[in-house]
Every structure is written in structure tokens, then in C-alpha cells.
Amino acid sequence: MTRLAIANNAINLAQGFPDFDPPKAMTDRLKEVSDKGPHQYPITMGAPNYRAALAKKCGHFMNRTINPETEIVATIGSTEAMVDTLFALTNPGDKVIVFSPYFENYIAQIIMANCEVVFVPLIPPAFNFNPEELEKAFKQPDVKAILICNPSNPSGKVFTEAELKLIASLCIKYDVYAIMDEVYEHIVYGENKHIYMNSISGMWERTVSCSSLSKTYSVTGWRLGYAIAPEPIMQRIKQYHDFNTVGCPSPLMEAAVTGLEFPLSYYDELKAHYTHMKTIFTEGLKDIGIPFTDPQGTYFVLADISSFLKKNQTDIEFCEELTAKVGVSAVPGTSFFKEKVNNIIRLHYAKKDETLYKALDRLSGIRKML
Ligand SMILES: Cc1ncc(COP(=O)(O)O)c(C=O)c1O
């Protein structure tokens with residue numbers, strides 16, 4: 001869809017990345033680093049000051065002391081952290097539980113690890129799960145891990161403490177690992193609160209938290225991420241990391257430390273900024289009359305296109321037409337759902353105000369597609 005957006009000069013609300021700048025202090029530091037270095041290989045688990053800054057920042061939010069030497073590895077985005085973790089924790093033939101709708105990378109990553117996916121539906125519009133159905137999945141033979149995106153792309157769901165405790169009790173009962181994708185940890189709205197699975201009683205020992213700087217500091221192209229896990233698991237993850245990628249880019253880790261050391265007010269400001277973008281975009285969708293599910297976190301909305309679809313039109317064809325005729329790109333819902341859906345598209349709003357207003361102006365012409 002990004003390629004199609006470029007070809008059609010459309011506003012790309014498909015692939016999720018900001019069109020505004022990262023914090024200036026980070027790009028200023030990057031300029032300095034380009035003169036002074038470092039420019040050579042870092043040690044494989046990540047530059048010591050990057051890991052120390054991560055341990056301090058993440059330790060604060062996870063409410064525990066994290067050992068930067070033994071419990072953190074720097075990775076190429078959360079993407080690599082997830083792949084390394086899947087390879088480290090599973091054997092070929094194992095099963096991994098995934099909620100549907102899911103972030104599409106997971107399925108490919110699980111297949112790459114020669115494992116099988118067990119889907120459990122998150123039921124719209126609230127995207128709750130049925131605890132009995134979840135336990136049925138845990139009971140299957142060879143289930144090694146549950147992979148959870150929290151806050152969740154594409155549904156915008158933020159798992160409650162009660163839900164996490166229930167999942168935790170099943171992980172403990174059936175001896176299953178929790179692999180958490182927490183890249184949207186700081187993008188939550190209103191009263192919703194992101195709770196780290198590894199902070200739930202009995203879960204530190206069996207949880208890997210994968211996250212990155214991509215979303216929190218608006219640097220998706222820096223490709224900087226990390227995994228946090230207890231030492232026995234981390235030893236295995238580090239080996240996959242070493243032989244997969246050797247290490248993260250040294251100058252970028254150095255510049256990233258500036259962001260990791262921001263005062264806590266930075267995260268409040270980030271939340272306020274995303275709340276502002278969400279308000280502009282969702283109010284605009286309401287005015288146009290496009291139904292959507294209100295996200296609790298992340299920067300995505302799932303919109304219901306039932307009343308705009310032509311007879312026998314697929315959601316993929318709809319998104320192609322939306323790009324070409326309306327000038328806005330979205331992701332077809334079939335990319336995210338195990339269940340048969342054809343009436344959902346995903347839009348994101350990590351954009352400057354002027355981009356959002358322009359996109360809404362274009363979307364107001366959506367009926368011309370009919
Ligand atoms: C849920 C989720 N996980 C991971 C990623 C990729 O993150 P990273 O840039 O850290 O590799 C994305 C990017 O869109 C995402 O939405």
C-alpha cells in the first residue's frame with residue numbers, strides 16, 4: 001500500500017509511521033555523533049550506555065531493577081527482538097497462541113521458526129476474548145508461548161490488569177511463555193493504562209518484553225529496539241541476535257541515549273500529542289460518517305466500510321480504489337484477521353495536523369467511489 005500511495009500521490013495512512021520530526025535533541029546529538037563516532041561494530045548485545053539507559057528508563061516503567069548486563073539485548077527494532085525470541089523459546093513443531101486480529105508480521109515470524117499458530121479471536125467491537133476459548137488453546141499439545149501485542153495493533157485494545165492476570169494464570173498453569181510486543185507502551189488514551197506482563201506476579205520468569213524506540217521517539221527508520229527477559233532466557237536470545245545481525249548501528253544507539261534520558265514529562269507530552277491527533281482524526285471520521293472503533297491505545301483505527309463497498313468488491317480492491325480515486329491509503333482488514341472479514345480497513349493518524357485535515361478532506365469524498 002505504501003508503494004501504491006507513492007505511485008498515486010496519495011496520503012499514506014496505511015503503513016504506520018509519523019510524518020513529523022523526531023525530538024530535536026536526538027537529531028542534534030546524531031549530528032554530533034556523525035563527527036565524533038562511534039562508527040564501528042558495537043559489542044553484540046548493544047552499546048553499554050544504550051543498555052544502561054534502557055535499563056533505567058524501562059526499569060522505571062516496569063517498576064523493577066533491570067540488569068543491563070544480563071537482562072537486555074539491543075536489537076534491530078522490536079521486529080528482530082520478536083524473531084530472536086521465537087527462535088530462542090521454541091522448537092520446530094511447537095505452537096504459539098496469537099489473538100486475532102493480529103499484527104501481520106507475527107504469522108510469518110512463527111512460520112519462520114517452523115512453529116504453528118493457534119488463533120484465539122478478540123471479539124469486536126470491544127475486542128474482548130472468551131476465557132474458555134483461550135484456555136482451550138492453552139490445553140492443546142505443544143503450546144510453548146502466547147504472543148501478545150499490547151497495546152494492540154490493529155484493534156487499539158489495551159489489555160486490562162484483570163485480562164493480563166487471567167492470561168498469566170494460564171501461562172503458569174500450562175507452563176507457557178509470554179512474548180509481549182509492547183512497541184505502543186506509551187501511546188494510550190484517557191483512563192487506559194499500559195500494564196507490563198512481566199510485572200504481574202509470577203510472570204517475570206516466563207515473559208519476554210519486546211519493544212523499540214520506533215514509536216516512542218518517532219524514529220521508525222533508526223531500527224532500534226530491544227528485548228528484556230530474565231537471564232536464562234536472555235542468554236538464548238542473545239545468541240540468536242549475535243548470529244542474525246551482529247549488532248545495532250553504533251551511531252544511532254549513541255544518539256538514542258539522549259532520548260532514553262528524557263525526563264518523564266516527555267512521555268506525558270507524547271500521550272497528549274497522540275490524544276490531539278486521535279481527536280482530530282476520529283472527530284473527522286464521525287463528521288464524514290465513517291464508522292470506526294475508538295482505540296484505547298496505538299495510533300490506528302479500524303473503520304467499517306460496509307456501506308461504501310460495491311457489490312462483490314474485496315477490501316483489497318476497495319483500498320486500491322481509495323488510494324487511486326480518493327487519494328488516501330489504508331490497509332485492507334484481511335491482512336489482520338484469521339476470521340473472514342471484508343468490511344474493515346485500518347487507518348493510522350501519526351501525522352501532522354495539516355496532513356490529517358487534508359486526508360479528512362479527501363475522505364469526505366469517499367461516497368464518490370460508489
Ligand atoms: C505491533 C507492532 N510491532 C512491531 C512493529 C515494528 O516495530 P519496530 O520498528 O520496532 O521493528 C510495528 C510497526 O508497525 C507494530 O505495529
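In which sense do strand 12 and strand 13 pair, and over how many bridges? In this predicted model, strand 12 and strand 13 (residues 344–348) pair in the antiparallel sense, and two bridges join them. Within this pairing, Val331 stands opposite Arg346 of strand 13.

An open sheet is formed by four strands, in the order 9-10-13-12, with antiparallel pairing. Strand 9 (292–293) and strand 12 (331–332) are the edge strands, each of which pairs on one side only.

To the contact between them, domain 1 contributes 25 residues and domain 2 contributes 27 residues. On the side of domain 1 that touches domain 2, helix 10 (265–288) and strand 10 (300–304) each supply at least two residues. Helix 10 gives the most to this side, namely six residues. Sorted by class, the side of domain 1 that touches domain 2 comprises 13 nonpolar, six polar and six charged residues.

The largest nonpolar core has 114 residues, of which Ile179 and Ala256 touch the most other members. Helix 4 (residues 77–89) provides the largest share of this core, with seven residues. Why does this core lie between domain 1 and domain 2? The core lies between them because domain 1 (2–21 + 265–363) and domain 2 (24–260) both give residues to it.

The surroundings of Ile179 can be examined in more detail. When its neighbours within four places in sequence are left aside, Ile179 is in contact with Met82, Thr85 and Leu86, with Ala145 and Leu147, and with Val208 and Cys210. Met82, Thr85 and Leu86 in this list fall within the range of helix 4, residues 77–89.

Helix 4 also has a part in the ligand site. Which residues are the closest to the ligand? Of the 13 residues that surround the ligand, the closest are Gly77, Ser78, Thr79, Ser212 and Ser214. Helix 4 gives the most to the shell around the ligand, with three residues. By class, this shell consists of three nonpolar, nine polar and one charged residues.

Conventions:
Residues are numbered from 1 along each chain as its sequence is written. This is a predicted model: local features need pLDDT of at least 70, side-chain atom pairs count only at pLDDT 80 or more; totals for chains, interfaces and linings use all residues. Two residues are in contact if their C-beta atoms, placed from the backbone, lie within 7 Å. Ala, Val, Leu, Ile, Met, Phe, Trp, Tyr, Cys and Pro count as nonpolar, Asp, Glu, Lys and Arg as charged, and the others, Gly among them, as polar. Two strands pair if DSSP finds at least two bridges between them. A nonpolar core is a set of buried Ala, Val, Leu, Ile, Met, Phe, Trp, Tyr and Cys residues joined through C-beta atoms within 7 Å. A residue is buried if 20 or more other C-beta atoms lie within 10 Å of its own, exposed if 12 or fewer, and partly exposed in between; C-beta atoms are placed from the backbone. Domain bounds come from an automatic or database domain assignment. A residue is near a molecule or strand if its C-beta atom, placed from the backbone, lies within 6 Å of it.
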